[in-house]
Amino acid sequence: MIRSVFSLIRRSLVLLILLWGAFSSFPGFAFAEDWWQFRGPNGQGESESVDIPVTWSSDENIAWEIPIEGKGWSSPVVSEGRIYLTTAVAIGGEQVVSEKKFTKRVDNRYSLRAICLDQLSGQTVWDVEVAQVPERVSIHPKNSHASGTPIVVDGSVYVHFGPYGTAALDLEGKLKWEAKIEFPPVHGTGGSPIVHGDLLIFHCDGGKRPGFVVALDRSSGDERWRTPRSVDAKRAFSFSTPLVIENAGRKTLISPASDAVYGLNPDTGDEYWHVQYPERWSIVPKPVYANGLILVCTGYEGPPEILAIRPGGTGDVTETHIAWREGRFVPHNPSPIVFNNMVFLVSDDGIASCRNLDDGELIWKERLGGNYSASPFIVESLIYFLSEEGVCTVIQASDDFHLVHRNDVEKRTLASMVPIDHGILLRTEDTLIKVGG
């Protein structure tokens, strides 16, 4: 009897060990947090990943670095041990027709591709063409034809290339559906889509007035609703990504655009309210929401402002719902971070600042150096700011400036970094780097 019991225990232990070995060798094991959309699970740059590296260089603490063909400033996303990203590959090599300060015109087509990589090794799992950019298209030299970050959710990969195509693929790269929402881009496109329930929502703010917001059915790609901008902006093109919030039991789609930010019903597209900031265009930063305030950074044509807006109301609430606004050290491109009732920003020219969330009062500012386009992330009270020159400045998220470390990969980058357990994914102009273990 006793021998039988011991035998049963031994067999159970062996089974548990075998199961542990099988699961621990699976790429998605270790209970890692998936970073499945632009700016992470809550869309606001906050991570719960563990053991994130603080120090690295171009040749230290690098797990792997792999070349990525073509050009793309979309961020990678991570789900169940796989990395997904997009790129635009010039067909026949890029043939530049003309180049100015704000536009570059090329004479060739681009293959718009979705790529899946193994998270542990960086090896390509699949690489498929989703759409193409036609000949003779102009784009901003800092932009790419693959700047919208993918989404991975419910067994599907959603990729968005502006008017050239939006598509859903399965996890093995097979196309489920493709849709084309036509609008004329200016300087290319840049905003990322978001998921709300069974909808895929994104902005279409280009050269034709008015711009609009559109929602597609996630299962079919069919258009479910379309809402034109109610404020007639002189320059309609913008590049922001929306955010869905919940306040007083009501969900609202926060949708920044040229001249105004809108609060829409995310299920129907109906406008609840809008706040105006006239003569501001090319809006890029994604809004954040914390402690009952929506933070929106305005765009070009003079110094940008950051507006703290109370959600709610009907129609034009510009005069009633702005809690505070500030115009110093505000970015055109990087999105804000909020932590412990403090707002952290980095301007495009490298000035980091911290403000009180309640009233916008400046707490500190510090010059980091370099130029900035990527949005920061926060993990374990540390904020990671990545410059276009490839320098990542890590600071403590506190009411005084405390530098933790500066790290340099010595390569150009505009894409936002992605934290994962024990590592960071960093996209440069021609490679993807996994920092850490």
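The structure described here is a predicted model. The side chain of Glu326 meets that of Arg355 in a salt bridge, with an N to O distance of 3.9 Å. This pair links distant parts of the chain, since Glu326 belongs to strand β26 (residues 322–326) and Arg355 to strand β29 (residues 351–356), 29 residues apart. The two partners fall on opposite sides of a cut-off, because buried means under 20% relative accessible area.

On one side, β29 pairs with strand β28 (residues 342–346) in the antiparallel sense, over 5 bridges. Within this pairing, Arg355 in β29 has Val343 opposite it. A hairpin is formed by β28 and β29, with 4 residues between the strands, and in its turn Gly350 has a positive phi of about 90°.

β29 also pairs with strand β30 (residues 362–367); these strands run antiparallel and are joined by 5 bridges. Here Cys354 stands opposite Trp364 in β30. β29 and β30 form a hairpin as well, with 5 residues between them, and Gly360 in that turn has a positive phi of about 80°. β29 therefore takes part in a hairpin with β28 and in another with β30, while its residue Arg355 provides a link to Glu326 in β26.

Salt bridges occur elsewhere in the model too. Side chains of opposite charge can pair when their charged atoms come close. The count of salt bridges comes to 14. One of them joins the side chains of Asp198 and Arg224, at 3.2 Å from N to O. Asp198 lies in the loop between β14 (194–196) and β15 (199–204), and Arg224 lies in strand β17 (residues 223–228), so that distant parts of the chain, 26 residues apart, are linked. Asp198 counts as partly exposed at 41% relative accessibility, and Arg224 is likewise partly exposed, with a relative accessible area of 41%.

A further salt bridge brings together the side chains of Lys411 and Asp430, at 3.7 Å from N to O. Lys411 is found in the loop between β34 (403–408) and β35 (418–420), and Asp430 in the loop between β36 (423–427) and β37 (431–436); the pair therefore ties together parts that are 19 residues apart in sequence. Lys411 is partly exposed at a relative accessible area of 28%, and Asp430 is partly exposed at 35%. This contact belongs to a network of salt bridges that links Glu65, Lys411 and Asp430.

The remaining topic is the empty space inside the model. Rolling a probe the size of a water molecule over the atoms shows where empty space is left. A search of the whole structure finds 5 cavities of 30 Å³ or more. The largest cavity holds about 120 Å³ of space. It is lined by 18 residues, of which Thr189, Gly190, Gly191, His203 and Ser238 are the closest to its centre. The element that gives the most to this lining is β15, with 3 residues. By residue class, the lining of the largest cavity divides into 11 polar, 6 nonpolar and 1 charged.

Conventions:
Residues are numbered from 1 along each chain as its sequence is written. This is a predicted model: local features need pLDDT of at least 70, side-chain atom pairs count only at pLDDT 80 or more; totals for chains, interfaces and linings use all residues. Side-chain values use heavy atoms; hydrogens and water are left out. A salt bridge is a side-chain nitrogen of Lys or Arg within 4 Å of a carboxyl oxygen of Asp or Glu. Helices (H or I, at least four residues) and strands (E, at least two) are DSSP runs, numbered from the N terminus. Buried means under 20% relative accessible area, exposed over 50%, partly exposed in between (1.4 Å probe, protein chains only). On a 1 Å grid over the protein atoms alone, a cavity is a set of points where a 1.4 Å probe fits but cannot get out, and a pocket is an open set with protein on both sides within 12 Å along at least five of seven lines; lining residues have an atom within 4 Å of a point. Grid points are joined across faces, edges and corners, and a volume is the space filled by probe spheres set on the points. Ala, Val, Leu, Ile, Met, Phe, Trp, Tyr, Cys and Pro count as nonpolar, Asp, Glu, Lys and Arg as charged, and the others, Gly among them, as polar. Two strands pair if DSSP finds at least two bridges between them.
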